[in-house]
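Here are my notes on this model, set down as numbered points. Have it open alongside while you read.

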Amino acid sequence: MSEHVAIIGAGVIGAAWAARFVMHGIDVKVSDPNPEAGRIVDEILDNARAAWGDLDLPSPTEGSVAVVGSIAEAVEGAIHVQESVPEDPAIKVPILEQIAAACPPDTVVASSTSGIKPSDLQPSITNPERLVVGHPYNPVYLVPVVEVVGGDLTSQDAIDAAMATYDRVSMKPIHVRVEIDAFIGDRLLEAVWREALWLVNDGVATTQEIDDVMRYGFGLRWAQMGLFETYRIAGGEGGFGHFIR
């Protein structure tokens with residue numbers, strides 16, 4: 001039997017995770033109660049194929065994708081489980097309990113949550129040491145960064161295994177060493193978002209103007225250098241210290 005990854009929840013994020021794995025030659029089994037799950041996954045996979053083609057990215061032989069009838073069927077024998085159900089602990093925790101009860105005891109169970117601490121998700125699941133957060137950015141089949149966060153009970157082996165799995169599918173895993181609400185990326189985004197809303201509210205700029213400043217200005221620099229490297233270069237020969245002064 002070939003190895004496979006289980007995708008639990010096939011909304012925008014879950015279906016894009018499926019596409020990321022399939023486009024790297026890994027078989028996927030998807031579980032989602034939505035009768036439209038198969039169509040959603042197929043459409044997002046088509047989007048991934050088109051985007052990869054436009055970017056001339058290398059495309060190995062695709063893995064298979066199957067929408068199955070239950071969580072247990074999806075996770076049985078899985079080498080990795082990616083949970084992407086709605087952002088509500090009242091929904092996530094019971095599903096994570098089902099996942100952990102049915103999949104191999106050493107299989108990493110990763111939640112795509114964008115802000116819930118793993119310590120709030122793991123206490124009631126079987127083998128809680130293998131639960132991590134694996135928070136991606138949309139579209140998952142193109143944007144490579146994924147934040148990997150462990151909880152109070154998470155083992156280093158689980159962190160290492162998750163990082164290796166994401167690296168295998170051409171992602172840029174970042175280990176968030178301090179468990180914090182919303183992790184790293186969303187906290188940065190929230191700060192920018194908050195200021196942008198004030199600029200609109202105070203009549204300084206329209207939403208289109210703000211987006212254009214970002215798209216045609218510092219967004220281009222950030223895509224290549226990030227924040228700190230941008231300011232280091234702005235300091236010239238004196239570097240970051242000169243910029244700060």
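Predicted model: local features only at pLDDT ≥ 70, side-chain atom pairs only at ≥ 80, totals over all residues.

1. Proline 139 sits in the loop between strand 6 (131-136) and strand 7. The peptide bond that joins asparagine 138 to proline 139 is cis, with omega at about 0°.

2. Now the overall picture. The protein chain has nine helices and eight strands. Its radius of gyration is 20 Å, close to the 18 Å that the globule rule gives for 245 residues, so the chain is as compact as a globular protein of that length. The C-alpha trace spans about 60 × 40 × 40 Å along its principal axes.

3. On burial and surface: 40% of the 245 residues count as buried. The accessible surface of the chain comes to about 12900 Å², and carbon and sulfur atoms account for 56% of that. As for contacts between residues at least 6 apart in sequence, 67% of them join residues at least 24 apart.

4. Which residues have the most contacts inside the largest nonpolar core? They are Ile7, Trp17, Phe21 and Tyr166, in a core of 34 residues. Several elements each supply at least two residues of this core, among them strand 1 (4-8), helix 1 (12-22), strand 2 (27-31) and helix 5 (156-168). Helix 2 (37-54), strand 5 (108-111) and strand 7 (145-150) also each supply at least two. There is a second, separate core of 20 residues, and it includes Ile71, Val81, Val85 and Val93.

5. Isoleucine 7 deserves a click of its own. Leaving out residues up to four places away in sequence, isoleucine 7 touches Gly14, Trp17, Ala18 and Phe21, among others. Its contacts also include Val28, Lys29, Val30, Ser31 and Gln82.

6. Next, a lysine to look at. Lysine 92 lies in helix 4 (residues 89-102). Is lysine 92 buried or exposed? Its relative accessible area is 0%, and since buried means under 20%, lysine 92 is buried. The side chain of lysine 92 makes a polar contact with the side chain of glutamate 83, at 2.5 Å. With neighbours within four places left aside, lysine 92 is in contact with Glu83, Val85, Pro86 and Glu87, and also with Ser111, Thr113, Ile116 and Leu121.

7. Two residues other than glycine have positive phi values worth a look. Asparagine 127 has phi near 50° and is found in the loop between strand 5 and strand 6. Phenylalanine 183 has phi near 60° and is found in the loop between strand 8 (172-176) and helix 6 (185-201). As for accessibility, asparagine 127 counts as partly exposed at 26%, whereas phenylalanine 183 counts as buried at 1%.

8. On to the aromatics. The structure holds six aromatic pairs. In one of them, the rings of phenylalanine 218 and tryptophan 222 have their centres 4.7 Å apart and their planes at 50°, so this pair is tilted. Because phenylalanine 218 and tryptophan 222 are four residues apart in helix 8, about one helical turn separates them. Phenylalanine 218 counts as partly exposed at 25% relative accessibility, and tryptophan 222 also counts as partly exposed, at 36%. Elsewhere, Phe228, Tyr231, Phe240 and Phe243 form one aromatic cluster.

9. Last, another stop in helix 8. Threonine 230 is found in this helix (residues 218-234) and is buried, with a relative accessible area of 6%. What lies 2.5 Å from a polar atom of the side chain of threonine 230? That would be the backbone oxygen of glycine 226. Not counting residues up to four places away in sequence, threonine 230 touches Arg221, Trp222 and Met225.

Note on methods
Residues numbered from 1 in each chain as written. Heavy atoms only, no water. Buried < 20%, exposed > 50% of the residue type's maximum accessible area, 1.4 Å probe, protein only. Polar contact = N/O pair within 3.5 Å; in protein donor to acceptor, adjacent residues only side chain to side chain. Contact = heavy atoms within 4.5 Å. Core = buried A, V, L, I, M, F, W, Y, C linked by side-chain atoms within 4.5 Å. Rg over C-alpha atoms; globule rule 2.2 N^0.38 Å. Areas by Shrake-Rupley, 256 points an atom, 1.4 Å probe, with all protein chains shown as cover. Phe/Tyr/Trp six-rings, centres within 6.5 Å; stacked < 30°, edge-to-face > 60°.
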